[in-house]
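Please look over the chain below before reading on.

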Amino acid sequence: MARRGREHTRYDVIGADYGRTRRPDLRIARQIRAALGDARTVVNVGAGTGAYEPHDLEVTAVEPEAAMIAARPPAAAPCVLAAAESMPFADASFDAGMAVLTLHHWTDVTAGLRELRWVARRRVVLLTWDPEFDDALWLTTDYLPAIRLRDRAIFPRLPHVVAGLQPQRGFMIDPVLIVHDCSDGFLGAWWRRPEAYLDPAVQTGISSFCELGPKVTGPPLAGLAADLESGEWERRFGGLLELDELDLGYRLVTVELTAP
Ligand SMILES: C[S@@+](CC[C@H](N)C(=O)[O-])C[C@H]1O[C@@H](n2cnc3c(N)ncnc32)[C@H](O)[C@@H]1O
């Protein structure tokens with residue numbers, strides 16, 4: 001049986017609901033595809049419902065939650081029920097490995113990264129969030145410090161991620177700027193749409209809300225609702241409404257392994 005991630009996010013029950021607010025964003029998809037470069041075969045670890053799997057490549061997905069696999073579209077890449085820490089593939093089975101917004105759920109990040117670099121030959125591409133940017137999003141600094149604390153604790157530090165993949169030919173860390181109308185509703189995606197954080201459908205697509213539950217998130221969100229109503233939010237953060245994109249600390253880590 002697949003191991004459940006350390007934070008016990010209910011991806012086993014979120015399943016079909018995930019896709020309602022978590023639609024891959026085309027701009028992020030382009031960045032991930034460019035980073036995969038000349039790879040032809042790719043393993044997508046923590047694949048969920050298949051977001052960001054490039055259609056022009058031969059993708060094998062790996063996902064530990066049956067409910068997420070069941071919610072994959074019929075045309076999505078084949079998916080193996082497994083966790084990052086114990087993938088059923090021989091060494092160097094794929095040109096590249098990818099993992100998108102999943103590392104922070106793994107039971108053992110060090111072991112998962114080691115597996116990923118074993119099964120990938122040339123390159124690993126990861127989208128994650130840099131916990132050094134824990135002051136970048138008004139929602140967590142001013143309303144929900146519990147999310148800020150939790151995310152600082154569960155997202156691995158980038159030096160740890162890079163070291164775990166043992167680059168042989170260098171690595172790159174590129175900012176992934178979040179556009180104001182980002183279609184993939186992860187935590188930072190709604191930075192310019194504050195009302196969205198009050199929407200239960202949006203909350204369902206964000207693991208931090210699911211983990212903490214309404215007892216913790218309810219009162220701060222009631223405060224946000226009141227600030228939006230009174231104009232206080234706009235007084236404090238209205239400058240953001242002028243921006244089209246923002247650096248919230250999302251990073252694309254590309255690690256080069258052996259020579260092609
Ligand atoms: C936020 S979702 C991201 C899914 C997909 N990569 C995307 O970008 O939409 C996190 C995914 O990581 C999966 N996950 C949790 N623990 C894992 C583990 N130990 N190994 C691999 N995937 C895991 C979850 O089941 C979930 O599908």
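Of the 260 residues of the protein, 43% count as buried. Buried means that 20 or more other C-beta atoms lie within 10 Å of the residue's own; 12 or fewer makes a residue exposed, and anything in between partly exposed, with C-beta atoms placed from the backbone. This is a predicted model: local features need pLDDT of at least 70, and side-chain atom pairs count only at pLDDT 80 or more, while totals for chains, interfaces and linings use all residues. Residues are numbered from 1 along each chain as its sequence is written.

The protein has 10 helices and nine strands. Both are DSSP runs numbered from the N terminus: helices are H or I with at least four residues, strands are E with at least two. The radius of gyration is 18 Å, close to the 18 Å that the globule rule gives for 260 residues, so the protein is as compact as a globular protein of that length. The radius is taken over C-alpha atoms, and the rule is 2.2 Å times the number of residues to the power 0.38. Along the principal axes, the C-alpha atoms fill a box of roughly 60 × 35 × 30 Å.

Contacts tell how the chain folds back. Two residues are in contact if their C-beta atoms, placed from the backbone, lie within 7 Å. Among contacts in the protein with a separation of 6 or more, 73% join residues 24 or more positions apart.

Now to the helix pairs. Two packed helices are described by the angle between their axes and the distance between the axes. Axes here are lines fitted to C-alpha atoms, for helices over the stretch in contact, and angles run from 0 to 180 degrees between N-to-C directions.

Start with helix α4 (residues 109-119) and helix α7 (residues 158-165). They pack at an angle of about 40°, with their axes 8 Å apart. α4 and α7 are therefore oblique to each other. Angles under 35 degrees count as roughly parallel, over 145 as roughly antiparallel, 65 to 115 as roughly perpendicular, and the rest as oblique. The crossing of α4 past α7 is right-handed. A crossing is right-handed if the near helix is turned clockwise from the far one by less than a right angle, and left-handed if anticlockwise. On the α4 side, Val109, Thr110, Leu113, Arg114, Leu116 and Arg117 make the contact; α7 supplies Val161, Gly164 and Leu165. Five of the contact residues are nonpolar, two polar and two charged. Nonpolar covers Ala, Val, Leu, Ile, Met, Phe, Trp, Tyr, Cys and Pro; charged covers Asp, Glu, Lys and Arg; the others, Gly among them, are polar.

Which residues of α4 are buried? They are Val109, Gly112, Leu113, Glu115, Leu116, Arg117 and Val119. Their cover includes β1 (41-45), β4 (94-100), β5 (120-129) and α7.

A second pair is helix α6 (residues 145-154) with helix α9 (residues 207-230). Their axes come within 11 Å and cross at roughly 150°. This crossing, too, is right-handed. α6 brings Ala146, Ile147, Arg150 and Asp151 to the contact, and α9 brings Ser208, Glu211, Leu212 and Val216. By class, that contact has four nonpolar, one polar and three charged residues.

Next, the backbone of two loops. Leucine 101 lies in the loop between β4 and α4. Its phi is positive, about 50°, although leucine 101 is not a glycine. With 22 C-beta neighbours inside 10 Å, leucine 101 counts as buried. Glutamine 166 sits in the loop between α7 and β6 (171-175). Here phi is near 45°, again a positive value in a residue other than glycine. Is glutamine 166 buried or partly exposed? Glutamine 166 is partly exposed, with 13 other C-beta atoms within 10 Å.

Valine 162 belongs to helix α7. Valine 162 is partly exposed, with 19 other C-beta atoms within 10 Å. Leaving aside neighbours within four places in sequence, valine 162 is in contact with Pro167, Phe171, Val253 and Val255. Valine 124 is 38 residues away from valine 162 along the chain, and their C-alpha atoms are separated by 10.0 Å.

Finish at threonine 141, in helix α5 (residues 138-143). Threonine 141 counts as partly exposed, with 13 C-beta neighbours inside 10 Å. Not counting residues up to four places away in sequence, threonine 141 touches Asp135 and Arg148.
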